[in-house]
Amino acid sequence: MSTPGPPPEAERLPQRQVALIDLLDRLLSGGVVLTGDVVLSIADIDLVRISLRALIVSISEQNPSPWTRTNPPQGGVHDN
């Protein structure tokens, strides 16, 4: 079995710095899917499993919010 060598220069991603706000703008405009799993185990016995599946995308007219707008609560028990 052979291990793959490093990619040729043409396939490497350019090493350049990107501002965090530019990165967030690109991610939110196109959307990003985050997935991950964390398993805590002791002596090969799984005790806790946490699975994360999240879609992060900006809200726009083409991509409306999945939640309906709710009215703020009117008054309360402590209002006089």
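Modeller: Let me start with a definition: contact means heavy atoms within 4.5 Å. With that in hand, 21% of the contacts in the chain with a separation of 6 or more are between residues 24 or more positions apart. This is a predicted model, where local features need pLDDT of at least 70 and side-chain atom pairs count only at pLDDT 80 or more, while totals for chains, interfaces and linings use all residues. Residues are numbered from 1 along each chain as its sequence is written, and side-chain values use heavy atoms, with hydrogens and water left out.

Biologist: Happy to begin there. What is the mean pLDDT of the chain?

Modeller: The mean is 80, and 71% of the residues reach 70 or more. pLDDT is the predictor's confidence in each residue, on a scale from 0 to 100.

Biologist: Which elements does the chain have, and in what order do they run from the N terminus?

Modeller: There are 1 helix and 2 strands, and from the N terminus on they run α-β-β. Helices (H or I, at least four residues) and strands (E, at least two) are DSSP runs, numbered from the N terminus. Just after α1, glycine 31 has a positive phi of about 90 degrees.

Biologist: What makes β1 and β2 a pair of strands?

Modeller: Two strands pair if DSSP finds at least two bridges between them. β1 and β2 are joined by 11 bridges and run antiparallel, so they meet that definition. In this pairing, serine 41 stands opposite aspartate 46 in β2.

Biologist: Are alanine 43 and aspartate 44 buried or exposed, and how do you know?

Modeller: Buried means under 20% relative accessible area, exposed over 50%, and partly exposed in between (1.4 Å probe, protein chains only). Alanine 43 has 67% relative accessibility, so it counts as exposed. Aspartate 44, with a relative accessible area of 77%, is exposed as well.

Biologist: Why are α1 and β2 called hardly covered?

Modeller: The count of buried residues is 0 among the 11 residues of α1, and it is 0 among the 12 residues of β2. For the chain as a whole, buried residues make up 0% of the 80 residues. Its accessible surface comes to about 8200 Å², of which 57% belongs to carbon and sulfur atoms. Those areas come from the Shrake-Rupley method with a 1.4 Å probe, and for residues only the protein chains shown count as cover.

Biologist: What makes the meeting of aspartate 37 and arginine 53 a salt bridge?

Modeller: A salt bridge is a side-chain nitrogen of Lys or Arg within 4 Å of a carboxyl oxygen of Asp or Glu. The side chains of aspartate 37 and arginine 53 meet at 3.5 Å, N to O, so the pair qualifies. Aspartate 37 lies in strand β1 and arginine 53 in strand β2, so the bridge ties together parts 16 residues apart in sequence. A search of the whole structure finds 1 salt bridge.

Biologist: How accessible are aspartate 37 and arginine 53?

Modeller: Aspartate 37 is partly exposed because its relative accessible area is 46%. Arginine 53, at 56%, is exposed.

Biologist: Which residues form the nonpolar patch, and which element gives the most?

Modeller: Val18, Leu20, Leu23, Leu24, Leu27, Leu28, Leu34, Leu52 and Ile56 form it, with about 710 Å² of accessible area together. The elements that give two or more residues are α1 (20–30) and β2 (45–56). α1 gives the most, with 5 residues.

Terms used: Patch = residues over 30% accessible without salt bridge, like charges linked within 9 Å, V, L, I, M, F, W, Y side chains within 5 Å.
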